[in-house]
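I open this notebook to record what I looked up in the structure shown below. The entries follow the order in which I consulted it.

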Amino acid sequence: MAYQSLRDSDAQIENFNRANTVNLPRQTHLSAVLRLAQIGSIMGSGGLIVMDETSCMVDVARFFMEFCMDESCGKCIPCRAGTVQMHDILRRITTGEANEDDLEMLKTLSDLLRETSLCGLGQTAPNPVISTLKYFPQEYEAHIHEKRCPAGHCHMTAAGQEVAS
Ligand code: SF4
């Protein structure tokens, strides 16, 4: 995995864009973090989560979808039903139950929620799915086709083909 500091130059931001990974040294000034907006990222309420190779990107997407599912007010159907559907697909991927059709449905629902939800919660709920599908497609493929979690995090109990530690 390639790491790149945001501290020095715009050229480095370009590199960050390509790698989608970042290493922030301990003395990194907050202004460098704020430049994340330049590469299309958001800080939410100010939180920054740091993960390494032991984090499963599919399960990370599932975790954030669970949060959005719980927080949905239920006013509009795309968000109310879509977050539940997406969470169920992500859960089944992490347990080895999903197939290629589920992956396509995940992409379709991502577009649907982003384009038709009434407010920012539903519109941004698919973001972790979209970005992990874009930058870590091999993790989704390993779960679906090999019934294997590259991070060793997911328990593929449903498929009965692998139980990760
Ligand atoms: S998108 Fe907004 S309005 Fe619609 S259900 Fe979700 S939280 Fe409620």
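**Entry 1: the ligand shell**

I count a residue as near a molecule or strand if its C-beta atom, placed from the backbone, lies within 6 Å of it. I then asked which residues are around the ligand. They are Ser72, Cys73, Gly74, Lys75, Cys76, Cys79, Arg80, Ser117, Leu118, Cys119, Leu121 and Gly122. By class, the shell divides into six nonpolar, four polar and two charged residues; here Ala, Val, Leu, Ile, Met, Phe, Trp, Tyr, Cys and Pro count as nonpolar, Asp, Glu, Lys and Arg as charged, and the others, Gly among them, as polar. Helix 4 and helix 6 (120–124) each supply at least two residues of this shell.

**Entry 2: provenance and confidence**

I note that this is a predicted model, in which local features need pLDDT of at least 70, side-chain atom pairs count only at pLDDT 80 or more, and totals for chains, interfaces and linings use all residues. Residues are numbered from 1 along each chain as its sequence is written. The pLDDT is the predictor's confidence in each residue, from 0 to 100. The chain averages a pLDDT of 81, and 67% of the residues score at least 70. Among the elements, helix 4 has the highest mean pLDDT (98) and helix 1 (residues 10–19) the lowest (40). Over residues 1–21 pLDDT stays under 50, and the model has 34 contacts beyond four places in sequence for them. Where pLDDT is low, the predicted coordinates should not be read in detail.

**Entry 3: the fold as a whole**

I took helices (H or I, at least four residues) and strands (E, at least two) as DSSP runs, numbered from the N terminus. How many helices and strands are there in the chain? I found eight helices and zero strands. Two residues are in contact if their C-beta atoms, placed from the backbone, lie within 7 Å. Of the contacts with a separation of 6 or more, 52% are accounted for by residues 24 or more positions apart. A residue is buried if 20 or more other C-beta atoms lie within 10 Å of its own, exposed if 12 or fewer, and partly exposed in between, with C-beta atoms placed from the backbone. Of the 165 residues, 26% count as buried.

**Entry 4: the nonpolar core**

A nonpolar core is a set of buried Ala, Val, Leu, Ile, Met, Phe, Trp, Tyr and Cys residues joined through C-beta atoms within 7 Å. The largest such core has 24 residues, and those with the most contacts inside it are Val58, Ala61, Met65, Met86, Leu90 and Ile93. Helix 3, helix 4, helix 5 and helix 8 (137–145) each give two or more residues to this core. The largest share, seven residues, comes from helix 3.

I followed several residues individually.

- Leu90 lies in helix 4 and is buried, with 27 other C-beta atoms within 10 Å. Beyond its neighbours within four places in sequence, Leu90 is in contact with Val58, Ala61, Arg62 and Met65. Leu90 and Met65 are 25 residues apart in sequence and 8.5 Å apart in space, C-alpha to C-alpha.
- Met86, with the same exclusion of neighbours within four places, is in contact with Met65, Leu106, Leu109, Pro126 and Val129.
- Residues up to four places away aside, Ile93 touches Val58, Ala98, Asp102, Tyr140, His143 and Ile144. The C-alpha atoms of Ile93 and Met156, 63 residues apart along the chain, are separated by 8.7 Å.

**Entry 5: Cys68**

Cys68 lies in helix 3 and counts as buried, with 23 C-beta neighbours inside 10 Å. Leaving aside neighbours within four places, Cys68 is in contact with Thr83, Leu121 and Ala125.

**Entry 6: helix 7**

In helix 7 (residues 127–135), I found Pro128, Val129 and Thr132 buried. Seen down the helix axis, the buried residues fall within an arc of 100° (the arc of the directions from the axis to the C-beta atoms), so they line one face of the helix. What covers them includes helix 3 (57–71), helix 4 (77–94) and helix 5 (100–116).

Thr95 lies in the loop between helix 4 and helix 5. Is Thr95 buried or partly exposed? Thr95 is partly exposed, with 17 other C-beta atoms within 10 Å. Lys147 is placed in the segment after helix 8 and has a positive phi of about 50° although it is not a glycine.
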